[in-house]
Amino acid sequence: QVQLVESGGGAVQAGDSLRLSCLASGRTFSTYTMGWFRQAPGKEREFVGTVGRSGTYRYYANSAKGRFTISRDNAKNTVYLQMNSLKPEDTAVYYCAASSNYACSRDGCSDEADYSYWGQGTQVIVSS
């Protein structure tokens, strides 16, 4: 089992950058594929991106491509979401999630159902 705690959210202006962090408990962090999701007010939670176990494989939603970068540091049990050129439509609660599904590390998983563990979320507000 793994516990996840996100941090780094806040209120920024359009065009600014933020880096979200997600710290995982336990000694098996490197065995999990890690994903980022977000939920905007009044909308369903949506996939942002994922990074495989070693950090080599990364897969992004179209809305994140070119602006967001996911990385991980297995020595620190932490996954990051670097967000650049933020837009008001990026306003949401951002969640990190962990998947033990081996195939996700290779293929990338964008379905919430593939992730067993979730953090509590961190709020990002982007104003125009």
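This briefing describes the strands, nonpolar cores, disulfides, salt bridges and backbone exceptions of one protein structure.

The model is predicted, with local features requiring pLDDT of at least 70 and side-chain atom pairs counting only at pLDDT 80 or more, while totals for chains, interfaces and linings use all residues. Residues are numbered from 1 along each chain as its sequence is written, and side-chain values use heavy atoms, with hydrogens and water left out. Among the features set out below are an open sheet of four strands, a largest nonpolar core of 28 residues, two disulfides and four salt bridges.

**Sheet**

- The open sheet has four strands in the order β1-β3-β8-β7, with antiparallel pairing; strands are DSSP runs of E with at least two residues, helices are runs of H or I with at least four, and both are numbered from the N terminus.
- Two strands count as paired if DSSP finds at least two bridges between them, and the strands that pair on one side only, β1 (4–7) and β7 (68–73), are the edges of this sheet.
- From one strand to the next the twist averages 15 degrees, where axes are lines fitted to C-alpha atoms and angles run from 0 to 180 degrees between N-to-C directions.
- Strand β3 (residues 18–24) pairs with strand β8 (residues 78–83) over six bridges in the antiparallel sense, and within that pairing L23 has T78 of β8 as its bridge partner.

**Nonpolar cores**

- A nonpolar core is a set of buried Ala, Val, Leu, Ile, Met, Phe, Trp, Tyr and Cys residues joined through side-chain atoms within 4.5 Å, and buried means under 20% relative accessible area, exposed over 50%, and partly exposed in between (1.4 Å probe, protein chains only).
- In the largest core, which has 28 residues, those that touch the most other members are M34, W36, L81, M83 and Y94.
- At least two residues of this core come from each of β3, β4 (33–39), β5 (46–51), β7, β8, β9 (92–99) and β11 (122–127).
- When its neighbours within four places in sequence are left aside, M34 is in contact with residues including L4, C22, F29, V51, V79 and Y115, contact being defined as heavy atoms within 4.5 Å.
- A second core, separate and made of seven residues, includes F37, A97, C104 and C109.

**Disulfides**

- A disulfide is taken as a pair of cysteine sulfur atoms within 2.5 Å, and by this rule there are two; with bonded cysteines counted along the chain, they follow the pattern 1-2, 3-4.
- C22 and C96 are joined with their sulfur atoms 1.9 Å apart, and this link is right-handed, with 45 degrees about the S-S bond.
- Because C22 lies in strand β3 and C96 in strand β9, the pair ties together parts that are 74 residues apart in sequence; both cysteines are buried.
- C104 and C109 form a disulfide with an S to S distance of 1.9 Å, and both of these residues are buried.
- The torsion about the S-S bond of C104 and C109 is about -95 degrees, so this disulfide is left-handed.

**Salt bridges**

- A salt bridge requires a side-chain nitrogen of Lys or Arg within 4 Å of a carboxyl oxygen of Asp or Glu, and the count by this rule is four.
- R38 meets E46 in a salt bridge at 2.6 Å, N to O; R38 counts as buried at 6% relative accessibility, whereas E46 is partly exposed at 37%.
- R38 also meets D90, at 2.9 Å, N to O, and since D90 lies in the loop between β8 and β9 and R38 in strand β4, the pair ties together parts that are 52 residues apart in sequence.
- E112 and R45 form a salt bridge in which the closest N and O atoms are 3.1 Å apart.
- E112 lies in the loop between α1 (102–107) and β10 (117–118) and R45 in the loop between β4 and β5, so this pair ties together parts that are 67 residues apart in sequence.
- Through shared partners, salt bridges join R38, E46, R67 and D90 into one network.

**Backbone exceptions**

- N77, in the loop between β7 and β8, is not a glycine, yet its phi is positive at about 55 degrees; N77 is buried, with a relative accessible area of 16%.
- S85, in the loop between β8 and β9, likewise has a positive phi, of about 50 degrees, without being a glycine, and S85 counts as partly exposed at 42% relative accessibility.
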